[in-house]
Amino acid sequence: MKRQRRRLFVIAITALLFGAIRGSNAVGQTPSRVEVRTLSLGIVSEVHQKEIEEHYRDFVGYLARKLSVASDVEAKVIIASTPTELAKLLGQQKVDFYMESTYSTYVINDVQGAGKLLLRRWQRGKPEYQSLIFTKRNSGVNRLDDLRGKIIVFEDPESTSGYFLPKLFLQRNGFKLAQASGPGAQVGAAEIGYVFANGLDRLYEMIFAKQVAAVTISDDDFATLDDKKKAQLNILAQTELLPRHLVSVRKDLVAREAERLAQLLQAMHEDGDGRRILQNADNTTKFDPLPGGEEAMRRRLLETFYAPAR
């Protein structure tokens, strides 16, 4: 009887030790998925919010299915009207990650302190773009200094390549800009006046009709012009290259979840279903690591967009 009890005791201890060893090994492993309840993508847009939400639903759903061990994880697309509003949602943990242009990313991450850079997003096969400032040939405007006392047209007040980037470029080159009431308004001799076209068609109309001295658009938009129209234009300046879009996560997102999300995004273009979803998500080509790393990209944005009051 005593021998039997002793034997049972040894078996029990052995089982406990074996279970403890297995448990300790499991803790040391990095599973391919992580446990999350929801995955929320934030997008900034003042218009067409319902359509944009539906447009990105498959994209977030794909990531949610790959990310979590839970089969019932909820995928959400949350639309904010402004970068400041999105920053607030990140701070409230209502948004986990977002994709935005470089200027909006700078505002959300550096000015508002709500996010952290994760990846670069390629669109239409290219990772970066720049702004061009150009005028009509034979207009008498042959260099940037000739713009003083005249009107320049920006694409729209929310555009990185069509407003923020070229405006800051001009300011850094010593020009003072002042918004004008219209293309025919009087401008001080030492200033460059500016108006918004609020659309590419109107912008082209204004420059070809010589209603304004110059316009600003991205190199992508310029490339879509036919050769006949390009031949009528003279490029005065081009800004530095910047990423088209960046991916960021909320600052307090668990590091393990952020790392897994980055892995999934970078692998999407290698998967047939993932490639199709990327194509439908505004012609996204792929995601890749930040050139130089997170800190280098953060400094790059700061150097580009930080401008003390002038």
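Helices (H or I, at least four residues) and strands (E, at least two) are DSSP runs, numbered from the N terminus. The model on display is predicted: local features need pLDDT of at least 70, side-chain atom pairs count only at pLDDT 80 or more, and totals for chains, interfaces and linings use all residues. Residue numbers start from 1 along each chain as its sequence is written, and side-chain values use heavy atoms, with hydrogens and water left out.

**First stop: N198**

Please select N198, which lies in the loop between β9 (191-196) and α7 (200-208). The residue is exposed, with a relative accessible area of 57%; here exposed means over 50% relative accessible area, buried under 20%, and partly exposed in between (1.4 Å probe, protein chains only). The phi of N198 is near 55 degrees, a positive value in a residue other than glycine. Most residues other than glycine have a negative phi.

**Second stop: helix α7**

Continue into α7 and select L203, Y204, M206 and I207, the buried residues of this helix. They cover an arc of only 160 degrees around the axis, and therefore sit on the same side of α7. The arc is that of the directions from the helix axis to the C-beta atoms. What do the buried residues of α7 pack against? Their partners are β6, β7, β9, β10 (214-218), α8 (219-223) and β11 (233-238). After α7 comes K210, whose phi is positive, near 60 degrees.

Next, select N138 in the loop between β6 (131-136) and β7 (151-154). N138 has a phi near 65 degrees, a positive value in a residue other than glycine. Its relative accessible area is 75%, so N138 is exposed.

Move to strand β8 (residues 176-179) and select K176. This lysine is exposed, with a relative accessible area of 53%. Not counting residues up to four places away in sequence, K176 touches A190, E191 and I192, where contact means heavy atoms within 4.5 Å. K176 and A190 are 14 residues apart in sequence, and their C-alpha atoms are 7.3 Å apart in space.

**Last stop: T304**

Finally, select T304 in helix α12 (residues 294-305). Is T304 buried or exposed? T304 is buried, because its relative accessible area is 5%. Leaving aside neighbours within four places in sequence, T304 is in contact with L165, L168, R172, E240 and L242.
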